[in-house]
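User: I would like to learn how to read a sheet and its surroundings from a model. Could you take me through one case, step by step?

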Amino acid sequence: MATRVSTQLGGREIVIESGKLARQAGGSVTVSAGDTIVLVTATGSSAPKAVDFLPLTVDFIEKTFAAGKIPGGFFKREGRPTEFATLISRFIDRPIRPLFPDGYRYETQVIATVLSVDQINDPDTLAIIGASAALCISDVPFSTPVAGCRVGRIDGNFVINPAAPDMEKSDIDLIIAATKDAVVMVEGGGDEVPEKDLVDAIQFAHRSLQPMLQIQKDLVAKVGKPKREMPPEVKDEAIAKGVKGVEKKVREAIVIKAKHERYSALGAIKDELAEKLIAEDDPEPGVKKTLLAKEYEELKSCVMREMILSESRRIDGRGLKDVRPITSEVGVLPRTHGSGLFTRGETQALVVATLGSSEDEQRIDSIMGDANKTFMLHYNFPPFSVGEVKPLRSPGRREIGHGALAERSVVRMLPPHEKFPYTIRVVSEILESNGSSSMATVCGTSLSLMDAGVPIKSPVAGIAMGLIKEGDRVAILSDILGDEDHLGDMDFKVAGTDKGVTAFQMDIKISGLTVELMTKALEQAREGRLHILGKMAEAITEPRSSLSKHAPKIVSIVVAKDRIRDVIGSGGKNIRGIIEATGCKIDIEDDGTVKIFSSDDSAIQQAIKMVKELTAEVEVGQIYEGTVKKIMDFGAFVEILPKTDGLVHISELSPERVRRVEDVVREGDRVTVKCIGVDDRGKIKLSMKQVPKG
């Protein structure tokens, strides 16, 4: 018997139902809004794993049948997850992961499967709600409900979960996840939105989500399973005491500025501890090593946090608001269309912009509707950037997520496609990393686009912020290092222009983040962003006035809609002929716009001439160069435009009397003629004798 709970969210009914589908899963629910339905299951293994991390996996699965489609491709079945699915998997994972109890080591899998989609109600926020509900009713010790929603601002008013078509009119697009007491995740962007408006949007979402959290509690009360017992935490007093004894050494090592030297020093201390505290003949060396690693990590965290809170001193000696040294360069690669090198401390991004035609657009086949993408940002994180050796793989969730964040940061600053009809691909190669390579990518992207001559509205910079909070003691950190991210209480990244925010990502590991604290953190981030924009301006202040000589030029001409077929020709014969003769790329749109792409100006002009010849209309009084195609007793037929010919009557061949047409012209001759008339039947009359001399 199915159990159902529901509430209103954003003016739409959200329904959670359990007990009908996937009943052998640890917890199973469907969440629906309109005709969009997502099935979410949560299952934990029966025995813990011997690992020192939370073994949680989250997958968002798009089924094309949900939208009434059959997959493209040869195999006709769903393949690897799309970028959209990968990003939603991250959206689900980030808010629930911090809510598992410390020490939970049971392998747990959350799977969200889209069963039906109406292309109005997005399945992403429904999947967040479903993951929480499925975990809460399962035997997994997850007992704090979390819910998610999208916030837009349309005509100045905040809207919860606006319909997908309405989002085109919104200047804010945020996905927010929250518990009863706190916001735990924010992801999204805006059109140069003031920081205060972001805070207002987050508060609005948190208030709106309260009924959604309550119905999850109601569902648990009706069908929730007893939670499994957590094994008692294993402690080893000898190890705890031994680790405590190296606190002074850790304090000395943790302030070494260079990352690898610091890691080496801290690693040496840990190795000494292991040698001292774990005997060679210990019956459970693996367990002891795990306990030692945990105690040592807690010590490092305590030392770093106390140093920041008590002394306002950070690992690398900076103050709380200080940004690491920055250098910016453009034009670093001679043959690319645009390139930028952004270095901040031990983080470095080489970002390259490439311009292409509409043939280079990314075709997206999605359950939310097909689309063409004209701006792509791809982020790569090779292992050498952190001094490691690993197999090279295709981009993972982290790379896709970081690329999406950087893309969202700059996309609203791009010119309208009608005014700048290029497909743009930006690639960020992270060459060094120690703290927020995604924000370095944002800065490098602005540099490379301006270097390429893309007329962006304003440069965009990004900064990663952190938070350390112990009771009433609080420290907000600008431009955090990797260690500060790992050991801190909040990680949030803010990108924007000098006018406002274009992208925002926040993950909070603690509750009790006040509006005042969030406002203060955003203001400190704004100060840091303006500082970084100033450093970027030392390399380039505005887009170059012209494109690189290596970039394709685009010229657009318009032909009548009923002449498009003449440009294309039978089976594409005409357009292929132009492409082969000139080497240009040519795109023809339904409104008659013909776009010609080439880095060779003379080739573009030749292509324009050929297109115009194919679509030109004969004008009375106009002079034409033509080819004699056929000789008749009464005159000669001359082709003056492709597939367009007219008759030069024998009387119009020459001022003198002509006895035989062949005495003046022969087939294949190139002649100059004047159009002297077009009769009611469309027959064209030409003259050679009326062509002006000279």
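**Reading a hairpin and its sheet**

Analyst: In this predicted model, the hairpin of β18 and β19 has two residues between the strands, and Gly-471 takes a positive phi near 65 degrees there.

User: Which strand is joined to β18 by seven bridges?

Analyst: Strands of a sheet pair through backbone hydrogen bonds, in either a parallel or an antiparallel manner. Here the seven bridges link β18 (residues 461–470) to β20 (residues 490–496), and these strands run antiparallel; Ala-461, for instance, stands opposite Gly-496 in β20.

User: In what order do the eight strands of the open sheet lie, and why is one side of β8 and of β19 left without a neighbour?

Analyst: The order is β8-β7-β9-β10-β21-β20-β18-β19, with antiparallel pairing. Because β8 (157–160) and β19 (473–478) stand at the edges, each has a single partner strand, and one side of each therefore lacks a neighbour in the sheet. From one strand to the next, the twist averages 15 degrees.

User: Which strands does helix α2 touch where it packs on the sheet?

Analyst: Helix α2 (residues 123–137) touches β7 (147–154) and β9 (172–178), and its direction makes about 150 degrees with that of β7.

User: Is Glu-247 buried or exposed?

Analyst: Glu-247, which is found in helix α6 (residues 247–253), counts as buried because its relative accessibility is 19%, and buried means under 20%. Leaving aside neighbours within four places in sequence, Glu-247 is in contact with Leu-299 and Val-303.

Notes. Residues numbered from 1 in each chain as written. Predicted model: local features only at pLDDT ≥ 70, side-chain atom pairs only at ≥ 80, totals over all residues. Heavy atoms only, no water. Pairing = 2+ DSSP bridges. Helix = DSSP H or I, 4+ residues; strand = E, 2+ residues; numbered from the N terminus. Axes fitted to C-alpha atoms, helices over the stretch in contact; angles between N-to-C directions. Contact = heavy atoms within 4.5 Å. Buried < 20%, exposed > 50% of the residue type's maximum accessible area, 1.4 Å probe, protein only.
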